[in-house]
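Here is a short report on one protein model. Look at the structure first, then read on.

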Amino acid sequence: TTIRREDYRPFAFRIPTVQLEFELEADLTWVRAQMIVQRRMDLPRVSDLELDGEDLALISIHINGDLIGAERYTLTPNTLKILDVPDHAEIIIVSTCQPAKNTSLSGLYVSGKSLFTQCEAQGFRKITWFADRPDVMSVYHVTLRADRKQYPLLLSNGNLVLKKDLDDQRHEVQWHDPFAKPSYLFALVAGEFGCREHQTMTASGRKVLLQVYSDPGSEHQTQWAMESLERSLRWDEQRFGLELDLDRFMIVAARDFNMGAMENKGLNIFNAAYVLADPNTATDSNYQAIEAVIGHEYFHNWTGNRVTCRDWFELSLKEGLTVFRDQEFTADMMAQGLSATAAQSARAIKRIDDVITLRAAQFPEDSGPMAHPIRPQSYQEIGNFYTATVYEKGAEVIRMMHTLLGEQAFRAGMDEYFRRHDGQAVTCDDFVDAMNWALQKKNPTRDLTQFKRWYSQAGTPRVNASLAFDAATQCCTLTLSQECAPVGVEKQSGMKKLPFHIPITVGLLDEKGQPLPLALKGQDDQPDTEKLLELTKETQSWTFEGISKRPTPSLLRNFSAPVNLIYPYTNEELALLSAHDSNAFARWEAGQELATRQILAMAAIWRETGQTPAPDPVMIDAWGSMLKDTDIDAGYQARALSMPLEKTVLERMSAMDPVAVAQARVSLKRVIGQHFCKELIATYHQQSTPGKYSPAPGPAGKRALKNLALSFLVTAHQKEAIELAFQQFNHATNMTDRMAAFTTLAHETQGARTSDAITQFYENWQHDPLVIDKWFAVQASSPLATAKSMTGLMAHPAFNLRNPNRARSVIFQFCSANMLGLHAADGTGYAFWADQVLALDTLNPEIAARLARAFDHWSRFIPGVKDRMQQELQRVAAHPNLSRNTMEIVSKALAL
Ligand code: ARG
Ligand code: ZN
């Protein structure tokens, strides 16, 4: 069944207060929910109260003190309908659920020896019957009772109000959350934890207690998380004027968790992978991800919790906005304390990393069977719509508004949004309207009406650019035109798509690569070296005057819009941009385009001949100049010298050939590694970071460059470098260096020494699950891995299909990050995928459906590959009792 956005109806009742009581036990938990229910007189009268529930056993229902009989309600597997409810009623529902049997990790479940909840989007209905929808907001009072020994700590949202011991080894704790919230923000945790605490003040001088809870004995790994939390508090105060509104803010780390983390009011629950870190177990990227996710969940307190979503179609209201906020947080942290130029390149690094993710995850989604606008029109299972489109493209849409309005007006729009909607459940339109108000205050002639199309149309627009130069008039005309074919469900509906409002930041470079002043013809504004163009029609032109020679355009600077910009650059022009563009993002982009073209050309010839040709010297020289440029930041250099991802290159092929792309990419790497062997070894030694480990961008950038050099050299099978890699593996003083050496050795070398390294790594780290996830992931992503070796890896005693992190580190790595393994000619990779989707589907449908998405693009592959993928998709689709989650994914994939 498909749920449609236009079918939204407000709930006929308010539920202003809820009192929950729990007798917590892993096998059987008893729940009493007492709620005040009031019929809404402003809506058409509905006589029955229809509540959601799943996997619950009903014990009793009381209305206004009276026990009611079965004739007063109807019970189906997913609803409880209480008939003829009075206008005002106190309803008490008593029920039980079975946390230990709950392998879906949604609702109340067991992880290790503890109990956790995950309620977004629809997990609360597995705890008790309720109006489990975000527009019903209630004040919660929660009483938790449990065994004192087994569950010494009992947490829920808000403020602690009471704690007492009970008879027979039990105790009771009560929590009160003063802010009305939807059920998806409810949380409880019960178990034994270590705690790190920190007292701090908000900007207005209120004392608050910050706490990070994790497995006993892991307290030494939560310092970075606590520091990140405090930086998040300060940043939201300074950049957005938003303060923490509770006396206490808690983060709890869970070993079993479906996603990254969850912003439950005052009680964030996290995947332990985004909490625990120390230099010996976590890499630089782990440190950065922890800071970003802690920021993300913390920022939800305002964008998500204080102002929430009317319904789940509006998910991007909170997710796109909060991703934008966490991206800006990271960028500000990276630029902190740097000079203006250094800060620009530090911000560019963050932008580059985000654009890489967007292109690798969201662009493919936007051209496949699951394509949807950032505000979807319909879904079968909302769990499938926590997508790169809703999150990452959603953030791009917010970023475009930020670009169009400027920082000041954007901030005014945010302030207005909270002024209008604090405490409400609202829509994306409400957000854009607040921004529109701020834009019009600045300039009454402008508006965001056309801009709103980004919310209703899917697909990645293609923007074609062309440049005409007229020597006689010294004018240069840039023409931009946009197109965006229907994608995904748009195809069936035959929808006519309209032009988007696309901000495109541009510059022009002279033949030496110097920026030219840009003066729009007939406008006497201040010439600047950069202009923000707004493409709103299908085709538009801009003429710049006073230009004496044909310039090289620098287009879509900072990736000012989520589009594919096509311009017929020569390789020489790309080399010029890559050496000189004053915009650090566009400079990186030019180098990547050169490398992408090279890989595509090599892949095409590899397909014909099984050989790869020598690369274009222009590309090799440009790469070499970037390597030798000692004036640039090492972290930036590492990004500029990296090869584009296989996935991004594949997107550029009309018929995708994964093996050809993987082969071409590795041979380009090998050629470069051989060609620049001396320089790379020199770089390796120059970029060492002796002394105490710090995850700060400076040293992290140096490590990234050093380890990139090592990886090119080892890929080129350079003897001296292989020695260096073994030395680094054995003597590294931090996990970043250890992992880098381990990965390149495991992927690029074979033999007894490599096997010993793999065994040794396991033995040294078997006590730390997050490190063992890395150990599994390296093997699953190795070019040597096969479906057969994966089955072997899954027979390892440390493998556990029920733990999502472990499943991701093995199965997902192989199925979505291992081209050669998945696309092995014998088809075993495809069968492995189908087997694992089916195995996971009976345990955890949300995770199974994510894995199912690895085949979204089957129809775009070359013949042979495509047919085999289709067969396995059909095998999955034909399986009886498939979950709604997985069914939606495979049926949409096959409908294409
Ligand atoms: N709101 C959480 C976050 O983005 C993610 C929750 C995901 N829930 C789910 N069922 N997929 O921070
Ligand atoms: Zn979020």
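Two residues are in contact if their C-beta atoms, placed from the backbone, lie within 7 Å. By that rule, and leaving out residues up to four places away in sequence, Val 189 touches Ser 114, Leu 115, Phe 116, Leu 155, Val 252, Leu 267 and Ile 269. Keep in mind that this is a predicted model.

Val 189 also belongs to the largest nonpolar core, which has 263 residues. Val 189 is among the residues with the most contacts inside that core, and the others are Val 252, Ile 269, Phe 270, Val 275 and Leu 851. Helix α5, residues 388–421, supplies the largest share of this core, 12 residues. In soluble globular proteins, nonpolar side chains tend to be buried together.

## Around ligand 1

Which residues surround ligand 1? They are Glu 120, Ala 121, Met 259, Ala 261, Met 262, Glu 263, His 296, Glu 297, Glu 319, Gly 383 and Tyr 386. Two elements give two or more residues to this shell: β21 (261–262) and α2 (284–299).

## A look at Gly 546

Gly 546 sits in the loop between β30 (539–545) and β31 (552–554). Gly 546 counts as partly exposed because it has 14 C-beta neighbours inside 10 Å. Not counting residues up to four places away in sequence, Gly 546 touches Gln 474 and Ala 519.

How many residues separate Gly 546 and Ala 131 in sequence? The count is 415, and in space the two lie 65 Å apart, C-alpha to C-alpha.

Technical notes
Residues numbered from 1 in each chain as written. Chains lettered and ligands numbered in written order. Predicted model: local features only at pLDDT ≥ 70, side-chain atom pairs only at ≥ 80, totals over all residues. Helix = DSSP H or I, 4+ residues; strand = E, 2+ residues; numbered from the N terminus. Buried ≥ 20, exposed ≤ 12 C-beta atoms within 10 Å, placed from the backbone. Near = placed C-beta within 6 Å. Core = buried A, V, L, I, M, F, W, Y, C linked by C-beta atoms within 7 Å.
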